Amino acid sequence: MVITSNNKLPIKENDKKYIFLAGSIDNKLSGNWRKQFIDKLDSKDSFFDPTHDKHDSLNEKEMIAHIEWELEALSMSDKIILNFLHNALSPISLVELGLYVASKKLLVICPKEFYKSRYVYTLCKKHNTPIFLNLEEAINTLT
(Lines give C-alpha, C1' and ligand atoms only; values in the text may rest on other atoms or scores of the structure.)
Protein backbone atom coordinates (compact mmCIF):
# COMPACT_ATOMS: atom_id res chain seq x y z
CA MET A 1 0.00 0.00 0.00
CA VAL A 2 1.29 3.45 -0.94
CA ILE A 3 0.23 6.35 1.26
CA THR A 4 0.77 9.86 -0.10
CA SER A 5 0.43 13.24 1.55
CA ASN A 6 -2.99 13.45 -0.09
CA ASN A 7 -4.05 10.65 2.30
CA LYS A 8 -4.60 10.87 6.02
CA LEU A 9 -1.91 8.97 7.92
CA PRO A 10 -3.08 5.57 9.16
CA ILE A 11 -3.09 4.45 12.75
CA LYS A 12 0.11 2.45 13.09
CA GLU A 13 -0.41 -1.27 13.22
CA ASN A 14 2.29 -3.14 15.16
CA ASP A 15 2.30 -6.09 12.77
CA LYS A 16 2.89 -3.86 9.73
CA LYS A 17 6.13 -2.37 8.51
CA TYR A 18 6.13 1.24 7.28
CA ILE A 19 8.80 2.54 4.90
CA PHE A 20 9.22 6.26 4.15
CA LEU A 21 10.60 7.05 0.68
CA ALA A 22 12.60 10.23 1.28
CA GLY A 23 14.97 11.87 -1.14
CA SER A 24 15.38 13.80 -4.32
CA ILE A 25 12.40 14.55 -6.50
CA ASP A 26 13.51 14.99 -10.08
CA ASN A 27 11.04 12.97 -12.11
CA LYS A 28 11.77 14.79 -15.39
CA LEU A 29 15.43 13.76 -15.44
CA SER A 30 15.52 10.36 -13.80
CA GLY A 31 12.08 8.78 -13.78
CA ASN A 32 10.13 7.92 -10.66
CA TRP A 33 12.64 6.15 -8.41
CA ARG A 34 9.99 5.67 -5.69
CA LYS A 35 7.79 3.61 -8.01
CA GLN A 36 10.84 1.65 -9.16
CA PHE A 37 11.74 0.93 -5.54
CA ILE A 38 8.24 -0.27 -4.63
CA ASP A 39 7.93 -2.39 -7.79
CA LYS A 40 11.32 -4.06 -7.29
CA LEU A 41 10.86 -4.68 -3.61
CA ASP A 42 7.56 -6.51 -4.20
CA SER A 43 6.66 -6.13 -0.57
CA LYS A 44 3.54 -6.23 1.53
CA ASP A 45 4.86 -3.29 3.52
CA SER A 46 3.21 0.12 3.54
CA PHE A 47 5.09 2.95 1.87
CA PHE A 48 4.90 6.66 2.63
CA ASP A 49 5.48 8.64 -0.56
CA PRO A 50 5.81 12.39 0.14
CA THR A 51 5.70 13.34 -3.54
CA HIS A 52 3.03 15.97 -4.15
CA ASP A 53 2.29 16.83 -7.80
CA LYS A 54 1.27 20.37 -6.89
CA HIS A 55 4.05 20.98 -4.34
CA ASP A 56 5.22 24.24 -5.91
CA SER A 57 1.72 25.72 -5.96
CA LEU A 58 0.61 24.85 -2.41
CA ASN A 59 -0.59 27.83 -0.40
CA GLU A 60 0.78 28.50 3.09
CA LYS A 61 -1.81 26.39 4.92
CA GLU A 62 -1.46 23.49 2.47
CA MET A 63 2.35 23.59 2.69
CA ILE A 64 2.30 23.49 6.48
CA ALA A 65 -0.09 20.52 6.36
CA HIS A 66 2.22 18.78 3.87
CA ILE A 67 5.30 19.38 6.01
CA GLU A 68 3.51 18.16 9.14
CA TRP A 69 2.35 15.04 7.27
CA GLU A 70 5.96 14.33 6.24
CA LEU A 71 7.31 14.82 9.76
CA GLU A 72 4.66 12.55 11.29
CA ALA A 73 5.15 9.89 8.60
CA LEU A 74 8.94 9.98 9.10
CA SER A 75 8.45 9.56 12.83
CA MET A 76 6.12 6.57 12.54
CA SER A 77 8.23 4.82 9.86
CA ASP A 78 10.15 1.67 10.69
CA LYS A 79 12.61 2.30 7.85
CA ILE A 80 13.51 5.45 5.93
CA ILE A 81 15.00 5.13 2.46
CA LEU A 82 16.83 8.37 1.65
CA ASN A 83 17.83 8.59 -2.01
CA PHE A 84 20.03 11.44 -3.24
CA LEU A 85 20.01 11.80 -7.04
CA HIS A 86 23.32 12.87 -8.54
CA ASN A 87 21.88 15.90 -10.36
CA ALA A 88 19.60 17.33 -7.64
CA LEU A 89 20.28 19.81 -4.84
CA SER A 90 17.93 18.08 -2.34
CA PRO A 91 17.95 20.61 0.53
CA ILE A 92 15.04 18.94 2.34
CA SER A 93 16.71 15.54 1.98
CA LEU A 94 19.84 16.92 3.63
CA VAL A 95 17.66 18.11 6.53
CA GLU A 96 16.09 14.63 6.77
CA LEU A 97 19.56 13.11 6.81
CA GLY A 98 20.49 15.28 9.77
CA LEU A 99 17.28 14.45 11.61
CA TYR A 100 17.52 10.65 11.21
CA VAL A 101 21.16 9.69 10.62
CA ALA A 102 21.52 8.44 14.21
CA SER A 103 18.10 6.75 14.36
CA LYS A 104 19.13 3.30 13.09
CA LYS A 105 16.14 3.29 10.75
CA LEU A 106 17.80 5.20 7.91
CA LEU A 107 19.22 3.64 4.76
CA VAL A 108 20.97 6.12 2.43
CA ILE A 109 21.58 6.00 -1.31
CA CYS A 110 24.12 8.55 -2.51
CA PRO A 111 26.10 8.43 -5.75
CA LYS A 112 29.60 9.89 -5.60
CA GLU A 113 28.48 12.53 -8.16
CA PHE A 114 26.06 14.12 -5.66
CA TYR A 115 27.50 17.55 -4.89
CA LYS A 116 27.56 16.95 -1.11
CA SER A 117 28.46 13.25 -1.20
CA ARG A 118 31.59 13.68 0.97
CA TYR A 119 29.42 15.22 3.69
CA VAL A 120 26.77 12.50 3.36
CA TYR A 121 29.32 9.65 3.44
CA THR A 122 31.21 11.12 6.42
CA LEU A 123 28.02 11.62 8.42
CA CYS A 124 26.74 8.11 7.64
CA LYS A 125 30.09 6.56 8.56
CA LYS A 126 30.15 8.44 11.89
CA HIS A 127 26.71 7.06 12.81
CA ASN A 128 27.10 3.58 11.21
CA THR A 129 24.25 4.33 8.84
CA PRO A 130 24.11 2.02 5.81
CA ILE A 131 24.94 3.86 2.59
CA PHE A 132 24.82 2.64 -1.01
CA LEU A 133 25.85 4.02 -4.39
CA ASN A 134 22.59 3.16 -6.14
CA LEU A 135 19.03 2.03 -5.71
CA GLU A 136 19.70 -1.56 -6.78
CA GLU A 137 22.33 -2.09 -4.06
CA ALA A 138 19.90 -0.84 -1.43
CA ILE A 139 17.04 -3.02 -2.69
CA ASN A 140 19.27 -6.09 -2.61
CA THR A 141 19.91 -5.60 1.12
CA LEU A 142 16.18 -5.41 1.83
CA THR A 143 15.11 -8.48 -0.13
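Helices here are DSSP runs of H or I with at least four residues, strands are runs of E with at least two, and both are numbered from the N terminus. One of these helices is α2, residues 33–41, and R34 is found in it. The model is predicted, so to speak of local features a pLDDT of at least 70 is needed, side-chain atom pairs count only at pLDDT 80 or more, and totals for chains, interfaces and linings use all residues. Residues are numbered from 1 along each chain as its sequence is written, and side-chain values use heavy atoms, with hydrogens and water left out.

Here is a friendly tour, topic by topic.

- R34 counts as buried because its relative accessibility is 3%; buried means under 20% relative accessible area, exposed over 50%, and partly exposed in between, with a 1.4 Å probe and protein chains only.
- The side chain of R34 reaches the backbone oxygen of G23 at 3.0 Å. This is a polar contact, defined as a pair of N or O atoms within 3.5 Å; within protein, one must be able to donate a hydrogen and the other to accept it, and residues adjacent in sequence count only if both atoms are side-chain atoms.
- Not counting residues up to four places away in sequence, R34 touches L21, A22, G23, S24, I25, D49, P50 and T51, where contact means heavy atoms within 4.5 Å.
- W33 is also placed in helix α2, and it counts as buried at 4% relative accessibility.
- A polar atom of the W33 side chain lies 2.8 Å from the backbone oxygen of S24.
- Leaving aside neighbours within four places in sequence, the contacts of W33 are L21, A22, G23, S24, I81, N83, L85 and L135.

**Helix α3**

- Helix α3 covers residues 60–76, and its 17 residues should span 24 Å at 1.5 Å a residue, which agrees with the 24 Å between its end C-alpha atoms. The expected span is 1.5 Å times one less than the number of residues.
- Its buried residues include H66, W69 and E70, along with A73, L74 and M76.
- At the start of α3, a side-chain oxygen of N59 comes to within 3.1 Å of the backbone nitrogen of K61.

**Helix α6**

- In helix α6 (residues 135–142), the buried residues are L135, A138 and I139. They lie on the same side of α6, because they cover an arc of only 100° around the axis; the arc is that of the directions from the helix axis to the C-beta atoms.
- An α-helix has 3.6 residues a turn, so residues three or four places apart point the same way.
- The cover over the buried residues of α6 includes α2, β4, β5 and β6 (131–132).
- N134 caps the N-terminal end of α6, with a side-chain oxygen 3.2 Å from the backbone nitrogen of E136.

**Nonpolar cores**

- The largest nonpolar core has 24 residues, and those with the most contacts inside it are F20, F48, F84, L97, L106, V108 and V120. Such a core is a set of buried Ala, Val, Leu, Ile, Met, Phe, Trp, Tyr and Cys residues joined through side-chain atoms within 4.5 Å.
- Two or more residues of this core come from each of β2, α3, β4, α4, β5 (106–109) and α5 (117–126).
- A second, separate core of 16 residues includes W33, F47, I81 and I139.
- L106 touches I80, L82, L97, Y100, V101, T129 and P130, not counting residues up to four places away in sequence.

**K105, a buried lysine**

- K105 lies in the loop between α4 and β5, and it is buried, with a relative accessible area of 14%.
- Polar atoms of the K105 side chain lie 3.0 Å from the backbone oxygen of L74 and 2.8 Å from the backbone oxygen of S77.
- Not counting residues up to four places away in sequence, K105 touches L74, S75, S77, D78, K79, I80 and Y100.

**Cysteines**

- The count of disulfides comes to zero, a disulfide being a pair of cysteine sulfur atoms within 2.5 Å.
- The sulfur of C124 is 7.7 Å from the closest cysteine sulfur, in C110, which is too far for a bond.
- C110 counts as buried at 0% relative accessibility, and C124 is buried with a relative accessible area of 1%.
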